[in-house]
Amino acid sequence: MKRWIQGLAISMLTLLALAAPAFASEPPTSDPAPDILVRQIMGLAFESQQSINSVPFAAGDSLKKVIKKWGPPEDISTVAANYWSRNVRFIYDGSTGRKTIVAIEDFGPQLKTIHLSDVKGLIGNPDSEKEQEGNYYVTYSDKENFTVTFVFQSAFSNPNPSLEMYILERPGLELKQK
């Protein structure tokens, strides 16, 4: 009988050891909740003038610094450097030798979980909002550190559209045309 109990105990421990990984909690694979994303967007904008996908680079940094760390952009024009695989576009001032980043456009796929009501519910009334060229623009600014413009799908057909992208700018930096 004692041997039978020992055998049962060993069998149970073995079964438990083999089954434990199945019960272990897996890290969440889904995108963060919309409220967390909105707080992250505004926090990064205020604290460091960065977007979610531009970290460690900020408005005011040099495009040359980005290229040194990330390599050449996947697509570049005289004012925009696109890193499509990183879901970010740097708008830069080509009239300066360092190619100063004046704005960052972030279009990560996780942003589509954010709706207009999420943004207005968490941040409040925007500084400005307008419908233009099939998009709905909602802008918030502290006038010193950042301006964030949320670009939603058109609000004409859907009063609570989802977010397409957002644009982060730092007041005082502007694109100078050559």
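In this predicted model, the largest nonpolar core comprises 32 residues, and those with the most contacts inside it are Ile41, Val66, Phe90, Ile114, Val148, Phe150 and Phe152. Helix 2 (residues 34-48) supplies the largest share of this core, namely six residues. A second, separate core of nine residues includes Ile91, Val102, Met165 and Ile167. Val148 illustrates the packing: leaving aside residues up to four places away in sequence, it touches Ile41, Met42, Ala45, Val138, Thr139, Tyr140, Tyr166, Ile167 and Leu168.

The protein as a whole contains four helices and eight strands, and from the N terminus on these elements run α-α-α-β-β-β-β-α-β-β-β-β. Of its 178 residues, 39% count as buried. Among contacts with a separation of 6 or more, 46% are between residues 24 or more positions apart. The accessible surface comes to about 10,600 Å², and carbon and sulfur atoms account for 57% of that area.

In general, an α-helix has 3.6 residues a turn, so residues three or four places apart point the same way. At the start of helix 3, a side-chain oxygen of Ser62 comes to within 3.0 Å of the backbone nitrogen of Lys64. After helix 3 comes Gly71, with a positive phi near 90°.

Side chains of opposite charge can pair when their charged atoms come close. The structure holds six salt bridges. One of them joins Lys65 to Asp61, with the closest N and O atoms 3.7 Å apart. Lys65 counts as partly exposed, at 43% relative accessibility, whereas Asp61, at 16%, counts as buried. Another salt bridge joins Lys112 to Glu164, with the closest N and O atoms 3.2 Å apart. This pair links distant parts of the chain, 52 residues apart: Lys112 is in the loop between strand 4 and helix 4 (116-123), and Glu164 is in strand 8 (residues 163-169). Lys112 is partly exposed at 43% relative accessibility, and Glu164 is partly exposed at 25%. Lys120 and Glu129 also meet through their side chains in a salt bridge, at 2.7 Å from N to O.

Conventions:
Residues are numbered from 1 along each chain as its sequence is written. This is a predicted model: local features need pLDDT of at least 70, side-chain atom pairs count only at pLDDT 80 or more; totals for chains, interfaces and linings use all residues. Side-chain values use heavy atoms; hydrogens and water are left out. A polar contact is a pair of N or O atoms within 3.5 Å; within protein, one must be able to donate a hydrogen and the other to accept it, and residues adjacent in sequence count only if both atoms are side-chain atoms. Helices (H or I, at least four residues) and strands (E, at least two) are DSSP runs, numbered from the N terminus. A nonpolar core is a set of buried Ala, Val, Leu, Ile, Met, Phe, Trp, Tyr and Cys residues joined through side-chain atoms within 4.5 Å. Buried means under 20% relative accessible area, exposed over 50%, partly exposed in between (1.4 Å probe, protein chains only). Contact means heavy atoms within 4.5 Å. Accessible areas come from the Shrake-Rupley method with a 1.4 Å probe; for residues, only the protein chains shown count as cover. A salt bridge is a side-chain nitrogen of Lys or Arg within 4 Å of a carboxyl oxygen of Asp or Glu.
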